[in-house]
Structure formats: C-alpha cells, structure tokens
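Visitor: I would like to learn how to read a structure feature by feature. Could we go through one together?

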Amino acid sequence: MRPPEDKRPPMVVASQVLNEATSAAISMALFPLAGYWLDGMWKTAPWLTILGAIIGFSVGLKLLINLGRPRKQKAQRAAKEKESAENNKE
Amino acid sequence: MTMKTPEKFESFGYSLVLLSLITFLLWLVSIAPAYYFSGILGVEGLTLSAFLCLIPGWLAFWIVSRYGDASDFVIASFASTLVRMFFVLTGVLIVKSTKRYSEITDFLVWVILFFLGTLAIETWLTIKHLQATKSKSEDTTIS
C-alpha cells in the first residue's frame, strides 16, 4: 500500500518496488550459484558456495530491509501527522 | 460480522513455537517412510531438510515482526519467501557438491516436502500475526 503523503504516480512507485525486489531476489540467488560454479571449476567444494551464500544473503537482506523500512517509516510519519492535526483541531 | 484473531498470534514467540512444533510433527511422521526408502541416510537427509526449512521460518517471523505491518503484508510475505528459497537453494547446492546423497529419496524429496509444508504453515501464521496486529491497532484507535 502506498503511504498517503506519497505524491508520485502509482506506476513509478510500482516500478521502484519491483526493481528493489528483483535486485534482492537476484543477489540472493546469483552469489551462491556463482560460488557453486567456481567450486566446480577450481575443485574447492563447498567453500566458495558457502562464501557466495554469505555475501548473497547479506546483500539480499540489506536490500529487503531497505524495501520495507522507508514505507513503514513513511506510514508512521503520516499517522503521527494525522494525530497531531486532530489534536490541533480539538 | 468479522471474526477477531486471537491475541496470542500477535506474539512472535507463539508463531515460532507453533512452526517448530508442526515441523517436528511432520518430521516424526516422515521418519518411517524415509527409513523404508533409504535407511539411516534417508533419516539423516530428512533431518537436514527439516532444519533447512525451519531456520528460514524463524528468520522470516523475525523479519515480519520487526519490519512488517498490516499494510505491508505483500513485502513481508515476499521477504519470507525469498529467505526460505535462499536457504533451501544454498543447502541443496552444498549437499550436491558434497555428493553425499545420490538417490532422490535420500534428500531432495524431503526438502520439497518440508519446503511446501513449512511455507503453508508460515503463510497461515504470518496472516494471523498481521491480522492480530491490525486488530490491536484498530482497538487502540477506537479507545
């Protein structure tokens, strides 16, 4: 759901969210797969897969947290502003 | 008339314990077929699969309770699905590279079973958790 104070067109918001979500998904899948491929090439199994997984998970989690955090903060800010506006009315 | 979600679902610990308990029950039920098909190696693969699906479930609940709220249900479910898929993918890749389980019934079948089972339970618990949080915030607004 779009926070009420967000004035951007819905398509812009949707494409931005989609972009961030895809980046998180790709980074989580790409690094372990690359590690697995390199393990096969250099006979280092399973160490590069594990390393790839750690890097991929860190990057993916960071992107996921970024995806959720601003929306929640914006929604909280809007709720606070609404509350203070109601208090001023009284 | 809408039914109110019990407050116990609001607790992060309650969802976590319930998910662990149901996964344990699923593991118990699957021991006999795993042993029948692949012997002790099958039970080992079954146990590994259970942990591989349970740990991301715990993590997903933490993400939902920490960052998700009722308006961000889509993102919360997306995050939990992504974390689960990441753990299972990494686990399968590592197990594949060790070449320990050669038969499909040694490991892969149990990973698929636990993946689908825990995903269903987790989605149900996440919906209940978000409904409970939402109804609490509505109660606070009314009062």
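Visitor: In which helix is Gly56(A) found, and is Gly56(A) buried or exposed?

Guide: This is a predicted model, and what follows should be read as such. Gly56(A) sits in helix H2 of chain A. To class a residue, take its relative accessible area: under 20% is buried, and over 50% is exposed. Gly56(A) has a value of 0%, so Gly56(A) is buried.

Visitor: What is Gly56(A) in contact with, beyond its neighbours within four places in sequence?

Guide: With those neighbours left aside, the contacts of Gly56(A) are Ser27(A), Met28(A) and Phe31(A). For a sense of scale along the chain, Asn66(A) is ten residues from Gly56(A) in sequence, and their C-alpha atoms are 15 Å apart.

Visitor: Which residues have the most contacts inside the largest nonpolar core?

Guide: A core of this kind is a set of buried nonpolar residues joined through side-chain atoms within 4.5 Å. Here the largest one has 15 residues, and Met28(A), Phe57(A), Leu64(A) and Val83(B) have the most contacts inside it. Helices H1 (10-42) and H2 (47-89) of chain A and helix H3 (73-98) of chain B each give two or more residues to this core. H2(A) provides six residues, the largest share.

Visitor: What is Leu64(A) in contact with, leaving aside its neighbours within four places in sequence?

Guide: In chain A, Leu64(A) is in contact with Ala24(A) and Met28(A). In chain B, the contacts of Leu64(A) are Phe78(B), Ala79(B), Leu82(B) and Val83(B). Apart from this core lies another, of 13 residues, including Ala50(B), Cys53(B), Phe114(B) and Phe115(B).

Visitor: How do I describe the way two helices pack, and at what angle do the axes of H1(A) and H3(B) cross?

Guide: Two packed helices are described by the angle between their axes and the distance between the axes. The axes of H1(A) and H3(B) come within 10 Å and cross at roughly 5 degrees. Angles under 35 degrees count as roughly parallel, so H1(A) is roughly parallel to H3(B).

Visitor: Which residues make the contact between H1(A) and H3(B)?

Guide: On the H1(A) side they are Ala21(A), Ala24(A), Ala25(A), Met28(A), Ala29(A), Pro32(A), Leu33(A) and Tyr36(A). On the H3(B) side they are Phe78(B), Leu82(B), Val83(B), Phe86(B), Leu89(B), Thr90(B), Leu93(B), Lys96(B) and Ser97(B). Sorted by class, this contact has 14 nonpolar residues, two polar and one charged.

Visitor: How many helices and strands are there in chain A, and how many in chain B?

Guide: Chain A has two helices and zero strands. Chain B has four helices and zero strands, and its elements run α-α-α-α from the N terminus on.

Visitor: What share of each chain do buried residues make up?

Guide: They make up 28% of the 90 residues in chain A and 42% of the 143 residues in chain B. Sequence separation of contacts is another thing to read. Among chain A contacts between residues at least 6 apart in sequence, 58% join residues at least 24 apart. In chain B, residues 24 or more positions apart account for 82% of the contacts with a separation of 6 or more.

Visitor: What should I look for in the backbone, and where does Lys43(A) lie?

Guide: Most residues other than glycine have a negative phi, and most peptide bonds are trans. Lys43(A) is not a glycine, yet has a positive phi of about 55 degrees. Lys43(A) lies in the loop between H1 and H2 of chain A and, at 72% relative accessibility, counts as exposed. Pro46(A) is also placed in the loop between H1 and H2 of chain A. The peptide bond from Ala45(A) to Pro46(A) is cis, with omega near 0 degrees.

Visitor: What is the phi of Lys99(B)?

Guide: Phi of Lys99(B) is near 55 degrees, a positive value in a residue other than glycine. Lys99(B) is in the loop between H3 and helix H4 (108-142) of chain B, and is exposed with a relative accessible area of 71%.

Visitor: Where is Trp124(B) found?

Guide: Trp124(B) belongs to helix H4 of chain B. Its relative accessibility is 40%, so Trp124(B) counts as partly exposed. Ser77(B) is 47 residues from Trp124(B) along the chain, and their C-alpha atoms are separated by 11 Å.

Terms used:
Residues numbered from 1 in each chain as written. Chains lettered and ligands numbered in written order. Predicted model: local features only at pLDDT ≥ 70, side-chain atom pairs only at ≥ 80, totals over all residues. Heavy atoms only, no water. Buried < 20%, exposed > 50% of the residue type's maximum accessible area, 1.4 Å probe, protein only. Contact = heavy atoms within 4.5 Å. Axes fitted to C-alpha atoms, helices over the stretch in contact; angles between N-to-C directions. Parallel < 35°, antiparallel > 145°, perpendicular 65-115°, else oblique. Nonpolar A, V, L, I, M, F, W, Y, C, P; charged D, E, K, R; others polar.
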